[in-house]
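Here are my notes on the model you sent over.

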Amino acid sequence: MVRVGHVQRQSRVIYCTLDPVWGDEMIFEIDGRADVLELRIFDWNVGVATDKLIGLVELPLKDVCNR
């Protein structure tokens, strides 16, 4: 899951691997209110009611985009 401000997008699920590679591209419109890109990684399992959060990072937008 990727979030910038109040906009949230989700990548596809990568099944049956301990070394997933996504390669997804996501485009966000950046306004003056959003200052952080948040990336959350979840472990998805069949038959489990909720996905398990296994990683979270917040990156300042000034470090990841050209203005």
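1. A word on conventions before the details. This is a predicted model, in which local features need pLDDT of at least 70 and side-chain atom pairs count only at pLDDT 80 or more, while totals for chains, interfaces and linings use all residues. Residues are numbered from 1 along each chain as its sequence is written, and side-chain values use heavy atoms, with hydrogens and water left out.

2. On secondary structure, the protein has one helix and four strands, arranged along the sequence as β-β-β-β-α. These elements are DSSP runs numbered from the N terminus (helices: H or I, at least four residues; strands: E, at least two).

3. Next, the overall dimensions. The radius of gyration, taken over C-alpha atoms, is 14 Å, whereas a compact globule of 67 residues would be near 11 Å. That globule rule is 2.2 Å times the number of residues to the power 0.38. Along the principal axes, the C-alpha atoms fill a box of roughly 40 × 25 × 15 Å.

4. Buried residues make up 12% of the 67. The classes are buried (under 20% relative accessible area), exposed (over 50%) and partly exposed (in between), with a 1.4 Å probe and protein chains only. Nonpolar side chains tend to be buried together in soluble globular proteins. Here the largest nonpolar core has six residues: Val 2, Val 4, Phe 28, Ala 34, Leu 37 and Leu 61. Such a core is a set of buried Ala, Val, Leu, Ile, Met, Phe, Trp, Tyr and Cys residues joined through side-chain atoms within 4.5 Å.

5. Leaving out residues up to four places away in sequence, Phe 28 touches Val 2, Val 4, Val 7 and Arg 9, where contact means heavy atoms within 4.5 Å. Of the contacts between residues at least 6 apart in sequence, 40% join residues at least 24 apart.

6. Leu 61, another member of that core, sits in helix H1 (residues 61-64). Leu 61 is buried, because its relative accessible area is 2%. Pro 60 belongs to strand S4 (residues 52-60) and counts as partly exposed because its relative accessibility is 33%.

7. Gln 8 is in strand S2 (residues 7-9). With 45% relative accessibility, Gln 8 is partly exposed. Beyond its neighbours within four places, Gln 8 is in contact with Met 1, Val 2 and Arg 3.

8. Please also look at Cys 16, in the loop between S2 and strand S3 (36-43). Cys 16 is not a glycine, yet has a positive phi of about 55 degrees. At 84% relative accessibility, Cys 16 counts as exposed.
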